[in-house]
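Here's a quick tour of a protein model, with a few spots to look at while you have it open. Grab your viewer and follow along.

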Amino acid sequence: MGEAGEEVVLYVYDLTGGMAKSLGQSLLQKNIEGIWHTSIIVFGKEYFFGSNGISVCDPGTTALGNPLRTHSLGKTCLPEDVFQEYLRGLEQDTFSADKYNLLRHNCNNFSNEISQFLCGNCIPGYILDLPNEILNTPFGQQLAPILELFSNSIGIHPGVRRSGSDFESLNNDIDSARKQSALLEEKRNKLNEKLEKREKRKKKKKDKNKHLSDQFCNESEPSSSRKYCDNRKKMSENGTNGVNVPATAIVENDADDLERKELELKRKERDPPIVFPDTINVQNELERLVGLIDGRINPDDMQYVAELDQYMLENEGSWALGEGFLSFVGKLLNDDQLVSEVRETILNILAAGALKDDIILVLHQDRREHILMNYANGFDKLPLLEQLALTLFMCNLFENSSTSEWLLYISEWQLGSSLVSNIRVTTKVAVNSLLSEDKVLQDRGTALVHNLACKEVKTVVFDDVVVELAMAVLQYFNSKPNEENSFRCMKSLARFCQISRQDVPQLVQMIGPPPSAFKGISNRIDEQIAEIQNYLR
């Protein structure tokens, strides 16, 4: 992860207080170090899951005392309010109190879920594998029905239930006190002025879009187009998905995010990512999408186009997109009955959406199905226009730290006969784009490689891909790129030499062309060449 961000730590407790280690062999005929309970420490609090649901307390204050051990899981750049919103969703569904099961859906599953959400890493396998290890023993199979019976009565420490009114009241008191400071008051005044201006712009845009929408609806005959327009009008009148957000809440959220955004700006000033903010006309692409899918998909699915309209044109926030939105995107990307232009269009719209700082919430909904990355893994077989749209989407995800980190997740899943991960798919797209014969795709490939190289991450993220990226850059140099693309790639190669100080320099010397061959093109390229030569022997 980047240097900035909040540390995420796993606390590991032994529920048996050391008894499992001494009795495991006699009872289970297997050496067991402990029966593990885990929790996540982030934003100064300890979060865990039990028969009471999701609970929170000060770190190390459960009945179990101090943890037996801790594991650093990484850092997260997600703001705390986004994390709290995510927890609210979990405690109402996947991790509600009635879903707790000691063997199959417990505190460790919760810790693993939170860890993947915050920093893209799983908790250690020895913790997750323990239930199956016990159940696979003869004594464990006899014990299982008894444990099932007592599953709901076993607890660690209720802490404070997140859904409880006391917890909400406590949080409100803390927030109120914090927001009394003079500094925050000054920020709030500035944000109020900003909000007023934004509301005026929003009203002006809404009036314009409503006029265009009414005109479009009057001209459209098919029922699915009328359904899209009806949904859009209804959402505009009532608030997306029936949710009304008070202006004060927006101001407070903006205030809380201000410091995080300042850190992000400093990073961008040092190594600004290459993004393409003015490439897509969202209004035109949305209208084109409606025309392409009208009458060719389930009419009920047109509601997702209306939601997308609200998110992209009305700036309503990612909560405007319903739970089935990504499934809808998956249908468009994988339905062979739809023309390629449909996939190109939806990817172009997503590429524009990738510039929004709350798109990360949409991406995290895809952590199980991997709809977007499974599609991207077939990049080399896609038509050119789909490739262009997909690279645009990935490049624009580097606009924000949290979304760029999503591209670099190393957690693997099975796809066919192969294990894939976000970082491997991102690398595949970057390499194939860079070595394409199409100049526009090459340009976006250099941008993607540059953004990957300049991302501040732990070296382990690039362990499997840095040599592949460096080799692609060296091959690309043979095409005699222009100054801008030469600079992007030379800067990337310098960064790769820093990451892999033995393999990449050896590759440069064995394969070539030598960086010195590009001397004299520009001063900034010469600076990167000098940096690379420091690593060459």
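Predicted model: local features only at pLDDT ≥ 70, side-chain atom pairs only at ≥ 80, totals over all residues.

Residues are numbered from 1 along each chain as its sequence is written, and side-chain values use heavy atoms, with hydrogens and water left out.

**Aromatic pairs**

- The structure has twelve aromatic pairs (Phe, Tyr or six-membered Trp rings with centres within 6.5 Å; planes under 30 degrees apart are stacked, over 60 edge-to-face, the rest tilted).
- One of them is F95 with F110, an edge-to-face pair at 5.3 Å centre to centre and 75 degrees between the planes.
- That pair links distant parts of the chain, 15 residues apart: F95 is in the loop between helix 2 (80-92) and helix 3 (107-119), while F110 is in helix 3 (helices are DSSP runs of H or I, at least four residues, and strands are E runs of at least two, numbered from the N terminus).
- Both F95 and F110 are buried (under 20% relative accessible area; over 50% is exposed and in between is partly exposed, using a 1.4 Å probe and protein chains only).
- Ring pairs also join F49, F95, Y100 and F110 into a cluster.
- F325 and F328 make a tilted pair, because their planes are at 45 degrees, with ring centres 6.5 Å apart.
- F325 and F328 sit three residues apart in helix 13 (residues 325-334), so about one helical turn separates them.

**Charges over rings**

- K356 puts its charged end over the ring of Y311, 5.0 Å from the centre (the cut-off is NZ of Lys or CZ of Arg within 6 Å of the ring centre and within 35 degrees of the ring normal).
- R524 lies over the face of F487, 4.0 Å from the ring centre.

- E46 is found in strand 3 (residues 45-50).
- The side chain of E46 reaches the backbone nitrogen of G60 at 2.7 Å.

**Hairpin**

- Strand 7 (residues 412-415) and strand 8 (residues 418-421) pair antiparallel over four bridges (pairing takes at least two DSSP bridges).
- L415 has S418 in strand 8 as its bridge partner.
- Two residues separate the strands of this hairpin, and G416 in the turn has a positive phi of about 65 degrees.

**Loop proline**

- P272 lies in the loop between helix 10 (247-270) and helix 11 (282-293).
- P272 is partly exposed, with a relative accessible area of 44%.

Technical notes: Polar contact = N/O pair within 3.5 Å; in protein donor to acceptor, adjacent residues only side chain to side chain.
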